[in-house]
Amino acid sequence: MSFLEKYSKEFQELDRLPNDFINDEKIWEQLNKWENPSKEDVRRVLKKAEQCIRLEPQETAILIQNKDEETIQEMYDLAYQLKQEVYGDRIVFFAPLYISDECANNCKYCGFRSTNNEIKRKTLTMEEIEQEVKIMTQEGQKRTVLVYGESPKTQIDFMCKSIEKVYSTKTNHGEIRRANINCAPLSVEELKQLKDVEIGTYQVFQETYHHETYSNVHPKGTIKGHYRWRLYAMDRAQQAGVDDCGLGVLFGLYDWRFEVMGLLYHTIHLEENFNGVGPHTISFPRITPAKGTPYSDNPQYAVSDEDFKKLIAVLRLSIPYTGLICTARESQEVRDSVIPLGVSQIDAGTRIGVGAYAQSQKANEIPDKEQFTICDSRSLDNVINEVCGMGNIPSFCTSCYRAGRTGEHFMKVAKSKFVHNYCIPNAMFTLKEYLIDYATPETKAKGETVLQEHLDKFKGDPRYNTIVQTLEKIENGQRDLRL
Ligand code: SAM
Ligand code: SF4
């Protein structure tokens with residue numbers, strides 16, 4: 001059987017479904033119905049959103065279509081408030097690790113696509129993975145997302161081996177404690193194998209929910225050309241027990257308003273079918289230029305910075321419990337402006353490109369342009385410093401997933417604002433480790449101030465003494481402690 005025929009049986013079954021859960025016409029009807037909502041319409045939705053519950057499509061359509069400056073500001077203020085309630089002022093840090101850029105697909109926007117002759121292809125060996133992880137952990141990274149193309153060289157056994165390699169690589173105090181995955185949609189059997197090697201979140205971005213656009217940018221005859229195989233990837237993940245799922249859209253392929261509705265419908269579908277478990281995270285990359293990829297230079301539906309801010313706030317208000325990830329594809333300026341709108345995870349110290357961490361050490365040059373360009377190339381220490389300066393706590397915490405709080409369990413936790421009792425102290429512990437093991441003196445000073453400010457907030461709380469004692473233990477050399 002050829003690589004491209006791999007899932008042909010499953011494709012046929014999906015083709016027999018009379019329809020899927022994305023109804024393009026219905027989405028446009030809802031958006032058109034609310035083309036000009038009044039202030040009262042918007043405020044009615046915000047009143048409901050205040051309760052920190054997932055919104056319905058017609059409510060989200062009202063927020064999307066709101067063009068009134070005064071109530072847009074009210075949306076931003078509430079988005080910030082909800083983020084504080086659900087996540088506190090933690091910002092979770094991670095860095096991607098590109099394992100392979102070999103790909104049999106031919107997505108028009110991506111530098112890894114099979115017909116791009118302008119890049120050299122590479123899949124890391126196990127030794128090279130170890131080398132990359134060592135560099136990342138020496139910089140202080142504890143969480144990563146492993147990125148793979150879809151090719152015969154990176155099938156499930158290879159993926160599992162690479163994940164095991166990542167977890168087993170250690171440097172002095174450092175190790176990766178959570179490896180998330182960004183890869184192609186897989187079968188239930190394959191996903192069970194990923195579950196066995198203890199992946200964190202399984203991310204598959206739909207790229208675009210709009211059926212026609214999807215067919216235009218993902219050629220027929222490639223695995224990725226099958227819209228429903230991708231759309232139902234998270235159903236299969238849940239069936240396999242992989243219950244932390246990451247959704248995403250590649251903004252710029254189609255109208256952003258439609259795509260936000262698509263993300264909401266996907267969330268509702270998952271909640272309805274899997275005991276209320278919606279997406280653990282949502283990503284919203286905007287297309288950035290990739291080498292040898294003219295399509296990426298000038299995307300037809302490029303999203304302006306203003307609309308980008310609005311779409312993030314709408315996501316935070318509509319799906320309050322989900323983690324929102326803003327990557328280094330965005331500039332420092334944009335990232336700073338969207339963090340207060342509800343972003344809960346960012347990457348820093350990022351190197352994009354296969355083998356890029358090792359390469360950047362050798363040549364002092366970052367090979368960032370292969371798949372797409374990164375705009376925020378500050379070091380991890382630099383970003384930690386600035387995030388502390390904003391009064392936020394940078395967090396490398398991996399407690400929930402290692403304590404089994406994933407899927408349904410995590411949703412209960414996130415929806416019940418458990419964060420203040422556990423997540424904030426745990427974030428403080430991981431920041432303390434970072435400050436001792438990796439920070440520059442300037443970052444250390446700023447970070448200690450943030451720690452002290454947060455510790456003061458626990459005065460009078462039953463957890464106060466335990467938090468103080470745990471911080472002391474870390475000061476005395478213990479690592480990886482949590483409540
Ligand atoms: N091959 C897997 C897949 O397509 O799902 C995972 C790896 S792919 C490199 C990860 C993500 O990169 C894609 O889902 C897409 O959203 C994003 N991406 C591709 N081309 C991009 C571009 N030019 N700018 C920004 N993001 C891009
Ligand atoms: Fe391959 Fe993913 Fe790039 Fe498409 S987006 S060409 S599937 S790596």
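Reader: In which hand does α2 pass α12?
Author: In this predicted model, α2 and α12 pack at an angle of about 115°, with their axes 10 Å apart. On the α2 side the contacts include Ile 27, Trp 28 and Leu 31, and on the α12 side they include Phe 258, Met 261 and Tyr 265. The crossing in which α2 passes α12 is right-handed.

Reader: Is the aromatic pair of Trp 28 and Phe 258 stacked, edge-to-face or tilted?
Author: A pair of aromatic rings is described by the distance of the centres and the angle of the planes. By the 6.5 Å limit on ring centres, the count comes to 14 aromatic pairs. For Trp 28 and Phe 258 the centres are 6.0 Å apart and the planes stand at 35°, so the pair is tilted.

Reader: How many residues apart are Trp 28 and Phe 258?
Author: Trp 28 belongs to helix α2 (residues 24-33) and Phe 258 to helix α12 (residues 256-273).

Reader: Are α4 and α12 roughly parallel or roughly antiparallel?
Author: Helix α4 (residues 57-65) packs with α12 at an angle of about 155°, and the axes are 10 Å apart. Angles over 145 degrees count as roughly antiparallel. The crossing of α4 and α12 is right-handed. By the angle, α4 and α12 are therefore roughly antiparallel.

Reader: What is the angle between α7 and α8?
Author: Among the residues that meet here are Ile 156 and Ile 163 in α7, with Gln 193 and Leu 194 in α8. Helix α7 (residues 156-168) and helix α8 (residues 188-196) have their axes 9 Å apart, at an angle of about 15°. That makes α7 roughly parallel to α8, and the angle asked for is about 15°.

Reader: Over the face of which ring does Arg 236 lie?
Author: Arg 286 lies over the face of Phe 308, at 4.1 Å from the ring centre. Arg 236 is 3.4 Å from the centre of its ring, which is that of Trp 229.

Reader: What is the phi of Glu 207, which is not a glycine?
Author: Most residues other than glycine have a negative phi. Glu 198, in the loop between α8 and β6 (202-203), has a positive phi of about 65°. Glu 207 is found in the loop between β6 and α9 (211-217), and its phi is positive, at about 75°.

Reader: Is Glu 207 buried or exposed?
Author: Glu 198 has a relative accessible area of 53% and is exposed. Glu 207 has 8% relative accessibility, so Glu 207 counts as buried.

Reader: What distance separates the C-alpha atoms of Asp 376 and Arg 257?
Author: Asp 376 lies in the loop between α16 (356-363) and α17 (380-389) and counts as buried at 4% relative accessibility. Beyond its neighbours within four places in sequence, the contacts of Asp 376 include Glu 330 and Arg 335. Arg 257 is 119 residues away from Asp 376 along the chain, and their C-alpha atoms are separated by 26 Å.

Methods:
Residues are numbered from 1 along each chain as its sequence is written. Chains are lettered from A and ligands numbered from 1 in the order in which they are written. This is a predicted model: local features need pLDDT of at least 70, side-chain atom pairs count only at pLDDT 80 or more; totals for chains, interfaces and linings use all residues. Side-chain values use heavy atoms; hydrogens and water are left out. Rings of Phe, Tyr and Trp (its six-membered ring) pair if their centres lie within 6.5 Å; planes under 30 degrees apart count as stacked, over 60 as edge-to-face and the rest as tilted. Helices (H or I, at least four residues) and strands (E, at least two) are DSSP runs, numbered from the N terminus. A charge sits over a ring if NZ of Lys or CZ of Arg is within 6 Å of the ring centre and within 35 degrees of the ring normal. Axes are lines fitted to C-alpha atoms, for helices over the stretch in contact, and angles run from 0 to 180 degrees between N-to-C directions. Angles under 35 degrees count as roughly parallel, over 145 as roughly antiparallel, 65 to 115 as roughly perpendicular and the rest as oblique. Contact means heavy atoms within 4.5 Å. A crossing is left-handed if the near helix is turned anticlockwise from the far one by less than a right angle, and right-handed if clockwise. Buried means under 20% relative accessible area, exposed over 50%, partly exposed in between (1.4 Å probe, protein chains only).
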